[in-house]
Amino acid sequence: MIQLKNLSKSYRVDGKDIPALKRIDLNIEAGEIFGVIGHSGAGKSTLIRLINLLERPSGGTVLLGDIDLTTLSTAELRLERQKIGMIFQHFNLLSAKTVANNIAFPLQVAGRLNKTEIQQRVAQLLELVGLSEHADKYPAQLSGGQKQRVGIARALANNPKLLLCDEATSALDPQTTQSVLQLLLEINQKLKLTIVLITHEMDVIRTVCDRVAVIDGGETVEMGPVTQVFLHPKHPTTRRFVFESEHVDENKQFEDFAHVPGKIVRLTFIGESTYKSLLGDMARDFGIDFSILAGRIERIKGTACGQLTLAFTGADSGIAAALARFTAEGIDFEELRAC
Ligand SMILES: Nc1ncnc2c1ncn2[C@@H]1O[C@H](COP(=O)(O)OP(=O)(O)OP(=O)(O)O)[C@@H](O)[C@H]1O
């Protein structure tokens, strides 16, 4: 649905070109929720604003379907932009308009519907985001979560194919964040809407995204399915995001394990295997022992996942046979220390 090819953006500051994004290549599939995560200044906002050309790229192309947005005239771009909705961290609602009129606004600008049709569409959208009772209130009378729901309804008014979310939950408390994320999941499934979101919070990615790109210093440093990136982070920036979200200090953990004897292995379970009772059987069958050093079970976009760090003791041949059984059962393992 969206292809960013060799995309770059520099800002001119004090007569010098300062690069904000370098050689970004991304393909976003129709119907998926794609997350972009990065620390402050990594280039996330620049990236999302390049997708609807709120910022003009310094180089490269932005394809929406097979249309290269960078080649369009202002009028053509205005039409293509109607296929793209956007929501913002600070909601950007019109404070002098009611909820209903905020949502009606993009419909009036598009000029395709008459007054009655607009009223019907607004009522539909209010119901979708659960705000039917708040139609006549003003933004100042709403909570942050309700304001973001208005933002979502407004963004969906013209039936876009794509919704861009610029740190859409960063100003919300954790509970409200979850309810807004659930709404995004619901509209992604109900309306088959493609969603691109940027965030600095791993939890947001873990709750709703199918795939994620990690950006650092204006470059993509890691990209893939969320389960893959989350359970096997490779780049130091990704590792930092994952371990911070788990409240784990990776280096400190290794210091803690220093006095533990045995081969240290981290097992990763995804889906059904998370709940299998393999360890006890394996210890009995191969005459080995294990102690659990660290572990977690969680859900990544509805899929159960687990990781266990174990220290195995016993005969080398028994441990090797146990590891072979993990492979046969489709369970990933990573040897963290040989013995
Ligand atoms: N309009 C601008 N003029 C000059 N430099 C800019 C402009 N916008 C962004 N930058 C610079 O580009 C880089 C990327 O900024 P961007 O806002 O895209 O990062 P970000 O990852 O969204 O950060 P944050 O999470 O803090 O919003 C930063 O170094 C920033 O200072």
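Student: Hi! Which residues are around the ligand?

Tutor: Hi! In this predicted model, the residues around the ligand are Tyr11, Val13, Ala20, Gly38, Ser40, Gly41, Ala42, Gly43, Lys44, Ser45, Thr46 and His200.

Student: OK, and which elements give two or more residues to that shell?

Tutor: Those are strand E1, residues 2-13, and helix H1, residues 44-51.

Student: Which one gives the most?

Tutor: H1 does, with three residues in the shell around the ligand.

Student: How many of the shell residues are nonpolar, polar or charged?

Tutor: Seven are polar, four are nonpolar and one is charged.

Student: New topic: helices H3 and H4. At what angle do they pack?

Tutor: H3 covers residues 99-110 and H4 covers residues 115-128; they pack at about 125°, and their axes are 9 Å apart.

Student: Is the crossing left-handed or right-handed?

Tutor: The crossing of H3 and H4 is right-handed.

Student: Which residues make the contact?

Tutor: From H3 you have Ala100, Ile103, Ala104, Leu107 and Gln108, and from H4 there are Ile118, Arg121, Val122, Leu125 and Leu126. Eight residues of this contact are nonpolar, one is polar and one is charged.

Student: Last one: what does UniProt list for residues 2-242?

Tutor: The unreviewed UniProt entry lists "domain: ABC transporter" for them. In the model, that span is 39% helix and 28% strand, and its end C-alpha atoms lie 27 Å apart.

Technical notes:
Residues numbered from 1 in each chain as written. Predicted model: local features only at pLDDT ≥ 70, side-chain atom pairs only at ≥ 80, totals over all residues. Axes fitted to C-alpha atoms, helices over the stretch in contact; angles between N-to-C directions. Helix = DSSP H or I, 4+ residues; strand = E, 2+ residues; numbered from the N terminus. Left-handed = near helix turned anticlockwise from the far one by under 90°. Contact = placed C-beta atoms within 7 Å. Nonpolar A, V, L, I, M, F, W, Y, C, P; charged D, E, K, R; others polar. UniProt positions renumbered as here; feature names shortened; annotations may be inferred. Near = placed C-beta within 6 Å.
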